[in-house]
Amino acid sequence: MRLLPAAVSLSLTVTLAYYVYIPLPETIQEPWRLMMLDVGFRTTMHLASLKAWLGFDHYIQSLRQSTEGFDDIMQGLCSSQSEGGVMPGVKVCDITFAGVPVRVYEPPAGGEGHLRRGLMFIHGGGWALGTTKKGSYDMINRMLSDELNTVVVSVKVNFPVPYLDCLAAAKHFLSAEVRARYAIDPERIALSGDSAGGNLAAAVAQEISTDDTMSVKFSVQALIYPVLQALDFNTPSYLQNQHIPILYRPLMVRFWLQYFGADPSLLPQLLVNNHSSLQHSNITPELRARVDWTVLLSPKHKKNYKPLIVEKGSQGGTRELPGLLDVRASPLLAGPEVLAKSPRAYILTCEHDVLRDDGLMYARRLQDSGVTVTVDHYLDGFHGCFSFVTWPMEFEVGKRAVRGYLNWLQNNL
């Protein structure tokens with residue numbers, strides 16, 4: 001009988017180890033820390049799926065509640081650094097721009113007698129999760145405001161109309177009234193965002209750059225592992241990193257379906273590119289060329305992967321995904337005449353990220369259109385690392401990524 005508790009204990013230990021351990025590439029530093037972080041995210045996703053299946057809550061709503069709870073914990077852990085420690089002089093105010101909730105960070109150095117930089121930041125989270133009022137986003141924006149003497153406006157993304165909200169807030173930020181109020185230099189205003197926020201930043205930058213009614217436009221754009229297209233979920237990075245935390249390939253597709261307001265049951269069709277098969281005549285060869293990774297990626301990123309081109313896929317196609325070909329949702333689909341007017345760009349990509357190729361293809365297309373682009377590629381980076389810069393979820397690659405981002409803005413804005 002004494003063997004029974006030992007057997008149960010051993011079984012539980014093996015089960016826990018199996019759940020925690022995932023094989024990771026050797027280039028990822030601090031692998032066990034990433035595994036423990038992933039355990040939290042996977043558990044949250046499993047619980048959200050269970051609650052949705054039982055009819056207790058919507059999947060995304062459940063994820064949102066869990067991530068907000070995590071942000072509350074992180075805010076408590078890093079509040080001494082951001083509010084009372086390293087950046088005590090940054091003035092923070094929660095207001096609205098054109099009816100859109102924003103948080104404004106004003107640097108300690110006043111604008112009296114001289115103009116300051118301005119930057120609008122749009123947070124990530126699959127167009128549905130996250131907040132800039134807590135945790136690492138808040139801390140990074142405080143750092144940026146303090147170190148670069150910059151007025152930072154952080155937009156609260158309100159699902160399901162984040163693009164329109166961000167565009168309205170951006171136009172208000174660029175207005176003469178706001179620039180005068182905060183003493184912002186009209187020649188030194190940036191637009192930035194990470195992940196889904198990078199998607200929105202790229203889309204808004206394109207719209208503003210081609211709007212002849214706007215007398216002042218963004219001078220630079222800084223995109224952090226942006227998501228930029230939904231035609232091909234079988235690019236080399238989607239396949240190479242489909243099992244790498246924290247953004248798994250099926251989760252990214254699920255975020256897209258949520259953003260499009262589409263049926264979640266379409267997920268298996270999108271994973272095999274049935275939604276973009278050759279039978280869909282509205283996806284023209286010209287559009288396909290704009291996401292053709294066999295042309296746009298370098299050999300070191302293409303590796304030995306082969307393109308997945310489906311002759312005949314799902315019948316619904318773009319009818320079931322009404323935003324699929326809309327450049328406001330997929331900035332990578334924009335024509336060269338639009339890209340040519342886009343501001344100078346900084347694009348941060350991570351080797352171990354399903355979105356790596358989105359960023360690299362966009363950089364190539366911008367460069368081909370005559371835009372100056374800086375690509376900051378982290379060989380040991382993973383999706384989300386930019387946000388993990390505070391204890392206990394502190395990664396060295398995240399700290400390097402944030403520092404590289406700040407340095408580029410210091411030198412280019």
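Which residues of α16 are buried?

The model is a predicted one, in which local features need pLDDT of at least 70 and side-chain atom pairs count only at pLDDT 80 or more, while totals for chains, interfaces and linings use all residues. Residues are numbered from 1 along each chain as its sequence is written, and side-chain values use heavy atoms, with hydrogens and water left out.

Let me return to the opening question. Buried means under 20% relative accessible area, exposed over 50%, and partly exposed in between, with a 1.4 Å probe and protein chains only. In α16, the buried residues are V397, G398, A401, V402, G404, Y405, L406, W408 and L409. This helix covers residues 396-412; at 1.5 Å a residue its 17 residues should span 24 Å, and its end C-alpha atoms are 24 Å apart, which agrees. The expected span is 1.5 Å times one less than the number of residues.

I turn to aromatic contacts. Rings of Phe, Tyr and Trp (its six-membered ring) pair if their centres lie within 6.5 Å; planes under 30 degrees apart count as stacked, over 60 as edge-to-face, and the rest as tilted. There are 12 aromatic pairs in the structure. One of them, Y259 with F260, is stacked, at 6.5 Å centre to centre and 20 degrees between the planes. Both Y259 and F260 are buried. Y346 and W408 have ring centres 5.3 Å apart and planes at 35 degrees, so this pair is tilted. It links distant parts of the chain, since Y346 lies in strand β7 (residues 344-352) and W408 in α16, 62 residues apart. Y346 counts as buried at 1% relative accessibility, and W408 does so at 8%. Ring pairs join Y346, F386, Y405 and W408 into a cluster.

Next, strand β4, residues 150-155. With 6 of its 6 residues buried, β4 is largely enclosed by the rest of the structure. T150, V152 and S154 point one way, and V151, V153 and V155 the other. Two strands pair if DSSP finds at least two bridges between them. β4 pairs with β2 (residues 100-106) in the antiparallel sense over 4 bridges, where Y105 has V152 as its bridge partner. With β3 (residues 116-122), β4 runs parallel, joined by 6 bridges; here R117 stands opposite T150.

Finally, the pockets. On a 1 Å grid over the protein atoms alone, a pocket is an open set of points, where a 1.4 Å probe fits, with protein on both sides within 12 Å along at least five of seven lines; lining residues have an atom within 4 Å of a point. The largest pocket has a volume of about 290 Å³. Of its 15 lining residues, the closest to the centre are D232, R288, V291, L308 and I309. The second largest pocket holds about 250 Å³. Among its 12 lining residues, Y163, Y259, D326, R328 and A329 are the closest to its centre. Helix α5 (162-173) gives the largest share of that lining, 3 residues.

How values were computed
Grid points are joined across faces, edges and corners, and a volume is the space filled by probe spheres set on the points. Helices (H or I, at least four residues) and strands (E, at least two) are DSSP runs, numbered from the N terminus.
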